[in-house]
Amino acid sequence: MKRIVLSLFLLALAAPAFAAEPVATLALGANGYWSQGDLDYPPDFELGSNGAASLSPHISAVGGLYFGLGESYLRGSFGARFTATDVNDPNFSIGIGIQYHASSEPDKRPDRTWAPDVSLGWRPSPVNMPRVVLIAQAGYGLKDEQGWLLAGARYLLPIGGGR
Amino acid sequence: MTLLDIIRKLAGPAADLTAFLSAAGAKYPDLEPRASDLAAKLSTAVSADSLVTLASELPKEIADILQGKLDGRRHPSDVA
């Protein structure tokens with residue numbers, strides 16, 4: 001599985017070069033980040049960006065890099081996501097997948113571990129705000145069994161068909 | 001680790017996300033109908049039937065990708 005994820009990610013990097021149509025998406029993002037068991041208030045807010053390449057109707061390579069404002073950490077992830085809802089709906093989708101996570105603060109965020117996740121994306125106003133997507137995601141690290149939940153907004157940058 | 005193992009381990013995160021949507025709906029009543037709708041869609045998406053259907057689609061798509069046949073879509077959840 002890890003080899004497949006890595007292969008998909010490497011293919012995603014090269015995808016725009018030989019894709020028949022644009023598949024890449026780049027987005028700026030802001031999150032509230034909840035650690036496991038604490039859903040009352042976000043213990044930290046994050047700013048960063050996400051990249052994704054949809055390679056087939058259900059399979060995408062995804063990644064992200066975020067900075068935690070409160071606890072001053074940097075975390076990154078990359079992996080594969082499989083869309084489990086209507087693949088032709090550009091305004092709503094739910095994806096399941098697995099990503100490799102690394103963090104500058106291993107005691108605060110998943111570090112050097114694979115982590116399954118469930119992600120939800122919803123474009124609340126496709127006509128008036130076509131580049132704005134609201135997201136929520138939950139997952140947990142396989143190595144440290146550290147869970148998390150994040151919710152936030154994304155602004156899709158006008159490149160690679162990311163509308 | 002197989003795809004089946006990953007699917008098994010997704011139960012916890014799916015439950016966490018459902019709980020989050022319920023909590024958001026309870027805290028902000030104006031959002032409750034939307035939160036309930038999203039929770040219902042989430043429940044359907046991670047149901048066994050849905051995941052079996054998804055898993056059956058993947059081998060062909062992986063083969064297509066490895067052959068360079070790309071057929072991308074726009075998924076809002078890809079940027080989560």
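## Chain A

A residue is counted as buried if 20 or more other C-beta atoms lie within 10 Å of its own. By that criterion, 48% of the 163 residues of chain A are buried in this predicted model.

Chain A contains one helix and eight strands. Read from the N terminus, its elements follow the order α-β-β-β-β-β-β-β-β. Among contacts in chain A with a separation of 6 or more, 47% are accounted for by residues 24 or more positions apart.

## Chain B

Chain B has four helices and zero strands, giving the order α-α-α-α from the N terminus on. Its radius of gyration is 16 Å, well over the 12 Å that the globule rule gives for 80 residues, so chain B is more spread out than a compact globule.

The C-alpha trace of chain B spans about 50 × 25 × 20 Å along its principal axes. Buried residues make up 31% of the 80 residues of chain B.

## Contact between the chains

To the contact, chain A contributes 59 residues and chain B contributes 40 residues. On the side of chain B that touches chain A, at least two residues come from each of helix H1 (3-9), helix H2 (11-27), helix H3 (32-45) and helix H4 (48-66) of chain B. H4(B) provides the largest share of this side, with nine residues.

By residue class, the side of chain B that touches chain A comprises 23 nonpolar, seven polar and 10 charged residues.

Key. Residues are numbered from 1 along each chain as its sequence is written. Chains are lettered from A and ligands numbered from 1 in the order in which they are written. This is a predicted model: local features need pLDDT of at least 70, side-chain atom pairs count only at pLDDT 80 or more; totals for chains, interfaces and linings use all residues. The radius of gyration is taken over C-alpha atoms; the globule rule is 2.2 Å times the number of residues to the power 0.38. A residue is buried if 20 or more other C-beta atoms lie within 10 Å of its own, exposed if 12 or fewer, and partly exposed in between; C-beta atoms are placed from the backbone. Two residues are in contact if their C-beta atoms, placed from the backbone, lie within 7 Å. Ala, Val, Leu, Ile, Met, Phe, Trp, Tyr, Cys and Pro count as nonpolar, Asp, Glu, Lys and Arg as charged, and the others, Gly among them, as polar.
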